[in-house]
Amino acid sequence: MSVAKTQRAQKRQLGQFLTPQPLAQQLVDTLSLSINDRVLEPSMGDGAFIIPLIEKFMPLYTGSVEERLALILQRNIYGVELDETLFARCLANIRERWGELPPQHNLVRNDFFREPFFTTEYPVAATNGAFGVSLFTHIIGNPPFGGTLDPAIQDELDKVYGFRNGEKIKKETYSFFIVKSLDLLAKNGTLLFICSDTFLTINTMRGLRRLLMSHGEVEIETLTQFSDETNHPMVVLRFVKRGCTDRVIVDGEQRLRHQIELTDNFSWRITDDHARYFDGPKLGDYMIASSGMTVGKNEYFVRKIENGMIVEPYEFEFFDDPITLERERERARLGKLSTSQIEKIKRQAAAGLTRRNVRVVRRAQPVRIAIPHPDYRYYNKGTNAIVYCDPTHVIYWRDNGDAVLTFKKNGNWYLHGVGGQPYFGREGLTWQLIAQNLYIRYLPEGYILDSGAPCAFLRAGIEHDELYFILGWALTNLCNRLLKEVINHTKNIQGKDFERLPYPWWVPEVNKQAAIAHVRQMIVAAQQGIRYTRESAEIRQLEVMYAFSETAHCITPAPVLPVQAALFVLP
Ligand SMILES: C[S@@+](CC[C@H](N)C(=O)[O-])C[C@H]1O[C@@H](n2cnc3c(N)ncnc32)[C@H](O)[C@@H]1O
């Protein structure tokens with residue numbers, strides 16, 4: 001790897017997006033500090049917050065600069081940084097600014113999660129006898145976002161920080177940083193963190209949002225500009241540990257707990273305007289969503305259909321692969337095997353046991369195959385088509401996918417599971433996983449499912465027409481707005497996000513029937529070659545059909561535009 005690439009990889013791994021000095025200064029300015037305060041910066045980088053913090057404490061003391069600096073760094077400021085270079089730079093920045101660094105200070109180079117704050121090594125803890133007692137009156141910083149936890153301790157950390165108040169806390173650097181910081185924060189203490197804005201809505205951060213609300217007051221402020229190093233939207237989280245609260249403030253507006261609770265993801269983005277849609281059943285009451293599978297190596301098994309044909313460059317041969325410890329270790333999660341597993345594998349290897357495997361062999365000459373073909377099934381890859389699109393890919397699926405499933409079984413641990421398998425072949429709806437909007441379409445029976453296109457299927461006992469009604473709803477701007485503003489505004493639209501959307505319970509029956517007929521007609525038209533976009537008149541018409549009406553009065557939909565042949569080929 002080149003030096004630049006290694007640096008980029010390290011930067012990503014440690015979530016190193018440093019705070020510009022003026023922003024750090026601005027946040028420190030908002031704190032009111034006294035000489036009795038203890039402030040922690042848990043991932044101090046090169047000192048963006050440490051420098052203005054020292055400046056802020058300086059006028060609170062008397063004496064020479066050296067004396068004051070020594071007192072501040074012994075009594076008031078604590079910092080941790082994992083990266084050696086940034087840590088050294090932080091100390092150098094202090095030296096440069098004040099001419100020296102006192103020999104005793106509480107700035108340490110360590111992993112925040114390995115730092116044992118409640119021990120006698122910490123003078124404050126020792127003098128207060130503060131074992132197990134929250135230590136810091138203020139915790140401030142910009143915890144690493146999207147970084148990786150040390151694999152050697154991540155399972156341990158998951159046990160300590162991965163579950164609070166009956167909810168899972170996402171195993172991720174910044175969520176665990178927040179949880180550990182909350183543990184370390186004194187009663188009435190303030191935490192001030194720059195965070196990714198994703199944590200306001202995404203479900204995996206639901207546990208963290210609940211935890212924060214159960215411990216104190218939360219205020220969120222969107223940062224219009226964070227840093228030139230990243231264009232990821234960021235927010236400032238200001239938290240005061242004052243006990244359970246029934247509201248959060250987001251950009252100056254109150255978000256009430258009872259409205260937040262209407263959303264399954266405990267969204268902090270719900271407003272009064274959104275709340276009415278969520279006050280009823282959700283799509284998950286009608287449909288069950290599922291992701292698809294990851295093949296591991298599409299090139300081996302997935303083919304693009306062109307003019308009804310595919311080109312097959314491979315053949316697949318099954319063989320018996322000897323079991324070895326080395327290979328089993330490679331396949332294990334994080335390369336770890338328990339002692340009993342190792343013993344078992346050694347016994348299997350000694351006995352000459354084998355594992356059924358598949359070999360992918362390049363043909364001397366690729367063959368052209370007409371589709372449909374009994375050895376291949378349609379493969380549902382994500383696309384930005386809406387309403388319906390013809391199959392674009394197939395997957396080699398002779399003997400119920402024996403070759404693909406054997407390949408996955410022999411791959412590394414993350415490939416072993418087959419996502420969505422119980423739903424393979426079922427009729428439903430599907431959309432592109434990574435997209436700004438729901439690019440959603442009708443999925444006919446018979447497909448094998450790919451992870452890039454999550455799907456949803458009617459629950460048992462739900463009328464078949466609901467499929468069309470829900471497809472129409474998912475194509476409206478209103479539904480997309482609720483998805484992006486309340487459920488999950490990242491580019492990832494998971495099955496659970498879909499299930500958390502409101503079901504359009506407010507639509508009167510007559511509009512519902514019109515919407516169903518309209519959507520069925522659009523599917524037929526799309527099957528005949530019409531390509532819809534979100535701007536198409538037929539799609540815009542849906543907006544009227546699904547509009548919210550307090551009195552649920554009937555709105556006569558505009559006439560459906562004629563399609564080439566009004567022949568319903570659908571069930
Ligand atoms: C987003 S940067 C912020 C740095 C600094 N707080 C600032 O605002 O400029 C995150 C910092 O966390 C450090 N870091 C990452 N993982 C850490 C860990 N487990 N313990 C301590 N520091 C860590 C990174 O090296 C990086 O300096």
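**View A. Residues around the ligand in the predicted model.** Thr19, Ser43, Gly45, Phe112 and Asn142 come nearest among the 24 residues around the ligand; a residue counts as near if its C-beta atom, placed from the backbone, lies within 6 Å of the molecule. This shell holds 12 nonpolar, 9 polar and 3 charged residues. Ala, Val, Leu, Ile, Met, Phe, Trp, Tyr, Cys and Pro are classed as nonpolar, Asp, Glu, Lys and Arg as charged, and the others, Gly among them, as polar. Residue numbers start from 1 along each chain as its sequence is written. Because the model is predicted, local features need pLDDT of at least 70 and side-chain atom pairs count only at pLDDT 80 or more, while totals for chains, interfaces and linings use all residues.

**View B. Contact between domain 1 and domain 2.** The chain is divided into domain 1 (281-293 + 421-571) and domain 2 (295-418), with bounds from an automatic or database domain assignment. Contacts (C-beta atoms, placed from the backbone, within 7 Å) join 26 residues of domain 1 to 17 residues of domain 2. On the side of domain 1 that touches domain 2, β19 (440-443), β20 (448-449) and α19 (509-527) each supply at least two residues; helices (H or I, at least four residues) and strands (E, at least two) are DSSP runs, numbered from the N terminus. By class, that side has 16 nonpolar, 7 polar and 3 charged residues.

**View C. Surroundings of Leu471.** Leaving out residues up to four places away in sequence, Leu471 touches Leu429, Ile440, Tyr442 and Val519.

Methods. Contact = placed C-beta atoms within 7 Å.
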